[in-house]
Each structure stands twice: as structure tokens, then as C-alpha cells.
Amino acid sequence: MLAVTAVRTDPDDPLSGLEIGDRPELTVPDGWVRVGVKAAALNHHDVWSLRGVGLPDDRLPMILGCDAAGVDEDGREVVIHAVIADPAAGGGDETLDPGRSLLSEKHPGTFAEMVAVPRRNLVPKPPTLSWEEAACLPTAWLTAYRMLFTRAELAPGSTVLVQGAGGGVSTALLLLGRAAGYRVWVTSRDEAKRARALELGADGAFESGARLPDRVDAVMETVGASTWSHSLKSLRPGGRVVVSGATSGDAPSADLRRMFFLQLSVVGSTMGTLDELARLVRFLEVTGVRPPIDATLPLSEARSGFERMVEGEQFGKIVFAV
């Protein structure tokens, strides 16, 4: 079967280990099912895997990809939950299972004509969502959903700052937040990305690090070191930063005096549960919100999508049609 595979890792030249071609048919463990992939979405996680983060050499070669929508063995149209974990080990929340992983870390991922997943990891795909739209949900959009609606503890009408407009998570945060009735501000160094965010409904778009018109109730942080100081300075007393990534570095100054004096909270957030994915799908059905898609490419041309992500050129999701 055709698949996109990491055959080696290189922190400096990640795409040198990317291979597109035929792979052997999948072995399906007990309790798992095959899903014929219709569309799969690219995430920064896939690039980090090629850099060797979370993917040691002894697991290579590994089919990449966390996100997909497709048809299961019973002919049902489904969205795949990418978290491979035991909810019981996490006290009912599989994201808290110490042994959790994502597809493409320990088990072959979704950038293939076929993927095997635990039977419980399937959510029905409504006919109102296209294959490409549904494929965007399991990682970036689920991460955003959990950040906003589970971890941020925001009241209706709150003001939210999203650092780093343009990526999959930040775009999802913008659209989900606006649909939920929050005032959403975004930042970006790129003028075109700020303009695009305004077109999508952002209430304000600012240069990275710029002084804001007012302090915010919560900051959604995926960038890390380069925006951390601005995130803390942007919060009202008692405000909260929700962190789900650190693409620019993971060791900024904590600024402890500001944190204790203003009683700020810092909360981590990783992916989301199967139930949250099902609720995200229903949220999109009810609100009409849809993931913006930057580009749709055949799986055989996946390298072009990876190149676009590495260069930081995308706004929204890059999707591979299978």
C-alpha cells in the first residue's frame, strides 16, 4: 500500500528521512480494526517526528500521520481519534494515561491507504463534513477544543489572546472561540497572516509582542519561548495561560514575581479525549464552523506539503487526499 514513511531522522534536515512508496500490509492487533483512509491532515508533530522527537531510531521505519477520516470495516464513515491510551489508566481521561501515545509514535500512522486503530477510537463522521474537513479535527482542532473549553475555564464573553496566527491549532482556536462568543485577538509577525485572521473573524490582530488595547482573560500559547513574556504581560490579574506547544523553545523565563503577584495560572493541555472529539464534531455540525484548508494534495505528493509546513507558508491545514 502507498504510504508516507520516516526511514531515518535528522534534527537539522528532517525531510531527508521522508520516503513515499509501497509498504507492507498492516498487522491488526486484537481489538483493533482497519480503516480505509480517505483524507489525512499534516501536523507539526509529523515534522518533529522526522527530527527524531518522540520517534527513536529503533521504531523506524514508521508510517507518519496522526489525523485521518475514512471508512471502517463495516462501511461506516468515521473520524479517527489519534490518542492510543487506556482511559482507566488516566482516571477516566486517556490523555492522562502515563503510557499514552499518538498514532505514528509506536503504531503506524495515517499517511497511508489503510490504518489500524483500536475499535473504540472511531467517531462517526457526519455527512455535513467533507473528508478533508473531518481529517483536520483529531489533532490540531481537538487540541484547540480542549484548550478553550476544558482547560481555560473561561466565562462567556471572555477575551482570549491566541499567539501565532496561521497554524492549525491557532486557526482552530480563533474559529472555535468566535463561535463560542469569546472576543478573540491574535498575534503574528506576518502581516498577511494577521490580515487573514481578521478575515476569519478575529476581533483584533497585532504584531507579535505589541502592547494590547486591554489585558486578556486567557492566552492560548503554542509558540513558547519567543512569546512567553508577552503572554504573561498580556494577562489580567488572575488570568490564565493554556500551553499546548513550544515550537520556538521550551525554556523561557518563568517570571515568577509576576506570576505570584498577579496570581496568574499556567495550565498544560495535550490533545483531547474521545468524548471531546465527538463533542467537537457536534459543535461543528451545530455552528457551521469549518477548518480552513490551506492546500489539498494527493498522498503521492506529500513531500510538497511537508516542505510548505517547514517553510511556515501555510495558513490553515494541509491535507492529503488518498
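1. Two strands count as paired if DSSP finds at least two bridges between them; a strand here is a DSSP run of E, at least two residues, and a helix a run of H or I, at least four, both numbered from the N terminus. Keep in mind that this is a predicted model, where local features need pLDDT of at least 70, side-chain atom pairs count only at pLDDT 80 or more, and totals for chains, interfaces and linings use all residues. Residues are numbered from 1 along each chain as its sequence is written, and side-chain values use heavy atoms, with hydrogens and water left out.

2. On to the sheet: it is open, has 6 strands with parallel pairing, and reads β13-β12-β11-β14-β15-β16. β13 (204-207) and β16 (265-268) sit at the edges with a single partner strand each, so one side of each has no neighbour in the sheet. From one strand to the next, the twist averages 20° (axes are lines fitted to C-alpha atoms, for helices over the stretch in contact; angles run from 0 to 180 degrees between N-to-C directions).

3. Look at β11 (residues 159-162) and β14 (residues 216-221): they pair in the parallel sense over 3 bridges. V160 stands opposite A218 in β14.

4. Now the helices. α5 (residues 191-199) lies across β12 (183-188) and β13, at about 170° to β13. α6 (residues 225-234) lies across β11, β12, β14, β15 (235-243) and β16, at about 140° to β15. Contact here means heavy atoms within 4.5 Å.
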